[in-house]
Amino acid sequence: MAGRPGPGAGRRAAAAGGGRPFPRECCEGLGGLDYGQVDVRAMARFFGYVDVTDSAFIAAVLSIAFNPFFWNVVARWEHKTRALSRLFGSAHAACYCLGIVILLLNCLRSHCFTEAMKSQPKLEGLDCHWAYYSGLAILAVGSLFVISSFLALGFIGTFLGDYFGILMDAKVTSFPFNVLDNPMYWGSTAIYLGWSLMHASPAGLLLTAVVAISYTIAMLYEGPFTEEIYRRKQKGAKNK
């Protein structure tokens with residue numbers, strides 16, 4: 001019968017690929033967003049450029065995830081046992097040795113990151129002058145945050161000296177710490193983002209997201225622990 005369709009016709013048509021399963025009114029609670037019009041082709045195209053099973057990509061992910069895990073575990077172990085300080089003869093020597101190891105691990109991470117980008121194709125839309133120079137600018141800003149953070153904290157302050165019992169007299173509030181919290185972590189993330197844009201690399205952009213996630217998790221653990229170290233210091237000073 002060519003009359004009005006039955007109550008289940010809309011759903012049957014949608015299941016066959018011929019229509020929308022629900023009327024547009026169903027989306028009014030979300031500002032009238034019509035999910036039937038969402039185009040996922042751009043995202044699918046982006047991920048089509050990234051082979052997450054590639055050995056170089058996997059090595060980069062592992063190195064990114066391992067670094068903050070390593071220094072947090074070792075630093076907390078040192079804070080609890082003072083084993084490294086006894087092994088190297090002093091807290092300062094132990095902190096310097098750990099800092100050198102962290103620097104070497106970061107060099108390895110950057111190498112793995114770059115090799116992962118080289119092993120995978122570029123995105124044509126990013127392979128242009130504006131993307132390259134945008135990436136260069138982001139990389140420069142990130143480098144500024146990292147270098148200025150290091151100069152403000154010093155080697156001991158940068159490489160977890162407070163876990164070795166080497167505490168700073170006061171919280172650093174100069175640039176870049178007066179601009180944002182954890183500027184070294186976010187500066188490092190910006191460096192990888194800029195490097196990825198300069199190479200027009202979708203794999204690099206995805207790995208940058210992994211960097212941001214790993215740093216965010218690290219900050220969730222480091223922040224409260226470091227605050228507790230200084231809280232105990234202040235409590236001890238008051239009891240004297």
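User: What should I know about the model before I start?

Analyst: It is predicted, so local features need pLDDT of at least 70 and side-chain atom pairs count only at pLDDT 80 or more, while totals for chains, interfaces and linings use all residues. Residues are numbered from 1 along each chain as its sequence is written, and side-chain values use heavy atoms, with hydrogens and water left out.

User: How do I read a nonpolar core, and which residues have the most contacts inside the largest one?

Analyst: In soluble globular proteins, nonpolar side chains tend to be buried together. A nonpolar core is a set of buried Ala, Val, Leu, Ile, Met, Phe, Trp, Tyr and Cys residues joined through side-chain atoms within 4.5 Å. Buried means under 20% relative accessible area, exposed over 50%, and partly exposed in between (1.4 Å probe, protein chains only). Here the largest core has 34 residues, and Leu160, Phe164 and Leu207 have the most contacts inside it. Two or more residues come from each of α3, α5, α6, α7 and α8, with α5 giving the most, nine residues. Helices are DSSP runs (H or I, at least four residues), numbered from the N terminus.

User: Which residues does Leu207 touch?

Analyst: Taking contact as heavy atoms within 4.5 Å, Leu207 touches Phe57, Ala60, Val61, Ile64, Phe113 and Ala116, not counting residues up to four places away in sequence.

User: How do I check the length of a helix such as α3, and where is its kink?

Analyst: The expected span is 1.5 Å times one less than the number of residues. The 27 residues of α3 should therefore span 39 Å, and the end C-alpha atoms are 37 Å apart, which agrees. For a kink, look at the bend, the angle between axes fitted to the seven residues ending at a residue and the seven starting there. In α3 a kink of about 25 degrees lies at Phe66, shortly before Pro68. Pro68 is among the buried residues of α3, as are Trp71 and Glu78.

User: How many salt bridges does a search of the whole structure find?

Analyst: A salt bridge is a side-chain nitrogen of Lys or Arg within 4 Å of a carboxyl oxygen of Asp or Glu. The search finds three. Glu115 and Lys118 form one at 3.8 Å; both lie in α5, three residues apart, about one turn of the helix.

User: Is Arg232 buried or exposed?

Analyst: Arg232 is exposed, with a relative accessible area of 51%, whereas Glu228 is partly exposed at 25%.
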